[in-house]
Amino acid sequence: MNIAVCIKQTPDTAIRVKVADDGKSIVQDGIQWVINPYDEFAVEEALQLTEKHGGEVTIVSLGPAGIEKTIREALAMGAHKAIRIDADHIPDDPSVTAKALVEVLKNGNYDLIFLGRQAVDDDHHQMASLVSQALGLPCVTVVVKLEIDGGKGTALREVEGGYEKVAFALPAVIGANRHLNTPRYRSLKGIMQAKKKTIEVLPATLAAPKLVVEKLTPPPAKKEGKIFKNGAADAAEVARLLRDEAKVI
Amino acid sequence: MKPFESPDYFNMDELLSDEEKMIRSAVREWVGENVMPVIEKAYLDAVFPRDLIPQMGELGLFGPNLPEKYGCAGTNNVAYGIMMQELERADSGVRSFASVQGSLVMYPIYAYGTEKQRQHWLPKLASGEKIGCFGLTEPDHGSDPGGMKTTAVKDGNSYILNGAKMWITNGTLADVAVVWAKLDGTVRGFLVEKGTPGFSAPEMHNKHSLRASVTSELILQDCRIPAENLLPESGGLKSPLGCLTQARYGIAWGVMGAAMACYDEALNYAKTRIQFDKPIASFQLVQQKLVYMVTEITKMQLLSLQLGRLKDQKKFKFTHVSMAKRNNVFQALEIARLARDILGANGITAEYQSMRHMCNLETVKTYEGTHDIHTLIIGADITGIPAYS
Ligand SMILES: Cc1cc2nc3c(=O)[nH]c(=O)nc-3n(C[C@H](O)[C@H](O)[C@H](O)COP(=O)(O)OP(=O)(O)OC[C@H]3O[C@@H](n4cnc5c(N)ncnc54)[C@H](O)[C@@H]3O)c2cc1C
C-alpha cells in the first residue's frame with residue numbers, strides 16, 4: 001500500500017499559550033512543538049496498515065524548515081520518507097494549505113491519504129474534506145476503526161451519540177479520530193534511523209488567503225471551583241450539579 | 001497529568017542536538033506513562049516490575065550506544081546518558097537494570113567477546129528477551145576486587161568455576177551471568193548460563209534501599225562451563241574495571257534524574273504548603289535549600305554533558321568518570337535528603353518520591369566504586385601517589 005499522511009506541527013497541548021502583542025498570533029518562545037495529536041493516530045494507523053499489507057508511508061507537511069523536527073518525529077515512529085512543502089509560514093486559511101497539499105498529493109498515486117480529523121491549534125476540521133474534494137476522492141472522517149481489504153475499506157465513524165459504519169472504495173481520504181489506535185512510542189532505534197531518512201523539499205505557491213485572523217482572545221479566567229465539605233452527604237447534590245450545571249453526566 | 005519538565009537553569013538544552021532532545025522526550029513519555037504509575041508499589045513490595053523489560057527492549061534502552069548490527073540503536077554517549085537520567089527520574093532500580101544489562105553485560109560481551117558470542121547474545125540482550133548480570137563483588141572483596149577468591153580451572157574442553165559472588169543486581173532473574181574469576185592468577189570473564197549444574201543465584205532480601213531491584217548471591221560449586229564461554233579478550237582487573245567505567249558513566253547521568261525528581265517535588269510542595277499563614281517557600285531557610293538543589297543540579301548537568309562529549313570524542317579518562325560519579329551521586333543524595341526534609345512528615349510516606357530516591361541513592365553511593373574509593377582514584381591521579389595499594 002502506498003500511503004500518505006499529512007501532519008501539522010502544533011503547540012504541545014500541555015503548554016499554556018500566550019497571545020502575542022500583535023493580538024493575532026501566539027508567542028512562539030518557549031513553545032514545545034509536537035505532531036498534532038490527531039495526526040499521530042493517522043501516522044500510527046498508516047504504519048499498522050503497511051506492516052500488515054506492505055508498502056510505504058510518506059509524511060507530507062507544509063511549513064518552514066523548522067517543522068522538519070516534527071516531521072522527524074513521524075519518521076522516528078517508522079514512516080519511510082517525507083515531503084516538506086516549503087512555505088515561510090503555516091497558513092491560517094485551511095483552503096490555502098489544502099491547495100498546496102493537493103498539488104503534491106495528486107502526483108503520489110496514494111491508495112490512502114490520512115489526516116487528523118482536526119488540528120488542535122486552529123480547530124477548523126476542514127482539511128480532510130477540502131483535500132478529498134479537490135482530489136475527487138471519498139472522505140471518511142472522525143474514524144475510530146478502519147478495515148482495509150483489497151480495494152475496499154470499511155470505517156466506523158463517531159457521530160453524535162453513537163457510531164456510523166461506512167463502506168468506501170480506495171483511494172480514499174481518512175480523517176483519524178482519537179481511539180483509532182494507540183500511537184507507538186518512538187524507540188531509540190527509530191529516532192536514530194529517522195536521521196537517515198530523506199525529507200524531500202518541494203516548493204509551494206500559496207494562494208491568496210480568503211480568510212485572515214483578525215484577533216485572538218484568550219479564554220475567560222476559570223471560575224472558582226466548588227468545594228463540598230460534607231463527604232457522602234453531598235453526593236446527591238454533586239450528581240445533580242454534574243448533570244444540570246456542568247452537563248457532563 | 002502535566003509531563004515532567006527537568007530544571008534547566010542555564011539553558012543547557014541549547015547544547016543538545018534535536019536528536020538528543022527527541023530521545024529524552026521519548027524516554028520521558030514512556031517513563032511517565034509506564035514506570036511512574038507502578039514504581040512506588042514495586043518498591044514497597046520489593047519486586048522489580050518485570051513487565052517493563054520487553055517494553056524497555058522495544059524502546060531500545062539496553063545498550064543503545066552499541067552498534068546497530070547487534071540490534072542496538074547506535075546512539076552517542078550523551079543520548080545514552082540522557083536516557084539513564086530519564087530512567088532514574090523514576091527509580092534507581094530501573095536505571096540499575098538498564099545499567100547492568102547494557103554496560104555490565106552487553107558491553108563486556110561486545111568488548112571482550114568473540115564475534116560468535118556477540119552475535120549470539122547481543123541481539124537477545126538488546127531486546128530484553130534475555131537478561132544478564134555481572135558478578136564481580138564477593139562477600140570478602142568489595143572495594144578490593146583484586147583480592148577475589150573465585151577461581152576457574154581448565155579441565156579438557158571446560159572450565160570449572162568455584163566461588164561466591166554477592167550483591168549481584170539481576171542475579172536471580174538472569175539468563176546469563178558475566179562472572180569474573182581468577183584463571184592461573186589472572187582475572188578473566190566467563191559467561192555462566194542459568195541452569196548450569198553447580199550454579200545458583202538466590203535472591204537477597206530485606207533491603208532498605210534499591211527495593212525495586214533484584215539483588216542476589218551467585219554460588220558456583222564445581223560449576224562446569226564450556227571452554228568457549230570464556231571472554232577471550234578479557235585479562236586482568238582492567239577488564240571488569242573497563243565495564244565499570246561504562247556503568248559509572250551512566251550513573252553520573254542517572255542520578256541527576258533522581259535529583260531532578262526530588263527538586264521538582266520539593267519546589268512544588270514548598271510553594272503550596274502553608275505554615276504561619278504563608279507558603280513555606282517564602283521562608284529564607286527553605287529557599288536556601290531549594291537554591292542549593294537547583295545549583296547543584298545545574299553543576300551536575302554541566303559536568304555530565306562535558307563528560308559525555310569527551311566520551312564521544314574518545315578523549316575521556318576513567319578519572320573523569322570517577323569525578324562525575326563521585327560528585328553527582330553525593331549531590332543527588334544531599335538533594336534527596338533536603339527534599340525529604342522540606343516535605344516534613346509527608347516526606348516519609350510513599351505518597352511522595354523523595355525518600356525512596358534518598359534510600360536508593362545510598363546504594364548508588366556505595367556501588368560501582370564507593371564515594372571514598374573514587375576520592376582515592378582522583379587523589380592518585382592528581383598526586384601521582386596511590387593511597388590504596
Ligand atoms: C544494591 C546493590 C547492588 C549491587 N550490584 C552489584 C552488581 O551487580 N555486581 C557487583 O559485582 N557488585 C554489586 N554491588 C556491590 C558493590 O559494588 C560493593 O558493595 C561496593 O564495591 C563496595 O564494596 P563493599 O560493600 O564490600 O564495601 P567495602 O569495600 O567493605 O567498603 C566499606 C567502607 O570502607 C571504605 N573503604 C574500603 N577500602 C578503603 C580504602 N582503601 N580507603 C578508604 N576507605 C575504604 C569504603 O569506601 C566504604 O565506605 C552491589 C551493591 C549493592 C548494595
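1. Helices here are DSSP runs of H or I with at least four residues and strands are runs of E with at least two, both numbered from the N terminus. By that count, chain B has 10 helices and 10 strands, while chain A has 6 helices and 11 strands. Please keep in mind throughout that this is a predicted model.

2. On the overall form of chain B, the C-alpha trace spans about 80 × 45 × 40 Å along its principal axes. Its radius of gyration is 21 Å, which agrees with the value near 21 Å that a compact globule of 389 residues would have. Buried residues make up 50% of the 389 residues in this chain, and among contacts in chain B between residues at least 6 apart in sequence, 76% join residues at least 24 apart.

3. For chain A, the C-alpha atoms fill a box of roughly 65 × 45 × 40 Å, again taken along the principal axes. Of its 249 residues, 37% count as buried, and of the contacts in chain A with a separation of 6 or more, 72% are between residues 24 or more positions apart.

4. The largest nonpolar core has 171 residues, and those with the most contacts inside it are Val5(A), Phe190(B) and Ala259(B). The element that gives the most to this core is helix 6 of chain B (residues 238–272), with 18 residues. In soluble globular proteins, nonpolar side chains tend to be buried together. If residues up to four places away in sequence are set aside, Ala259(B) touches Ile297(B), Met300(B), Gln331(B), Ala332(B), Ile335(B) and Ala336(B).

5. Chain B is divided into domain 1 (12–127), domain 2 (132–231) and domain 3 (238–383). The C-alpha centres of domain 1 and domain 3 of chain B lie 20 Å apart, and 28 residues of domain 1 are in contact with 29 residues of domain 3. On the domain 1 side of this contact, the elements that give two or more residues are helix 1 (18–45), helix 3 (77–90) and helix 4 (92–112) of chain B, with the largest share, 11 residues, coming from helix 3. The residues on that side divide into 14 nonpolar, 8 polar and 6 charged.

6. In total 21 residues surround the ligand, the closest being Leu136(B), Thr137(B), Gly142(B), Ser143(B) and Thr370(B). Strand 1 (132–135), strand 3 (158–169), helix 9 (354–366) and helix 10 (371–383) of chain B are the elements that give two or more residues to this shell, and by class the shell has 10 nonpolar, 9 polar and 2 charged residues.

7. Between the two chains, 13 residues of chain A are in contact with 17 residues of chain B. On the chain A side, helix 2 (68–77) and helix 5 (188–194) each supply at least two residues, and the residues of that side divide into 6 nonpolar, 1 polar and 6 charged.

8. Lys8(A) and Gly161(A) are 153 residues apart in sequence and 29 Å apart in space, C-alpha to C-alpha.

9. Val47(B) sits in the loop between helix 1 and helix 2 (52–59) of chain B, and with 15 other C-beta atoms within 10 Å Val47(B) is partly exposed. Leaving aside neighbours within four places in sequence, Val47(B) is in contact with Ala42(B) and Ala212(B). Val47(B) and Ala212(B) are 165 residues apart in sequence, yet 5.0 Å apart in space, C-alpha to C-alpha.

Definitions and conventions: Residues numbered from 1 in each chain as written. Chains lettered and ligands numbered in written order. Predicted model: local features only at pLDDT ≥ 70, side-chain atom pairs only at ≥ 80, totals over all residues. Core = buried A, V, L, I, M, F, W, Y, C linked by C-beta atoms within 7 Å. Buried ≥ 20, exposed ≤ 12 C-beta atoms within 10 Å, placed from the backbone. Contact = placed C-beta atoms within 7 Å. Domains from an automatic or database assignment. Nonpolar A, V, L, I, M, F, W, Y, C, P; charged D, E, K, R; others polar. Rg over C-alpha atoms; globule rule 2.2 N^0.38 Å. Near = placed C-beta within 6 Å.
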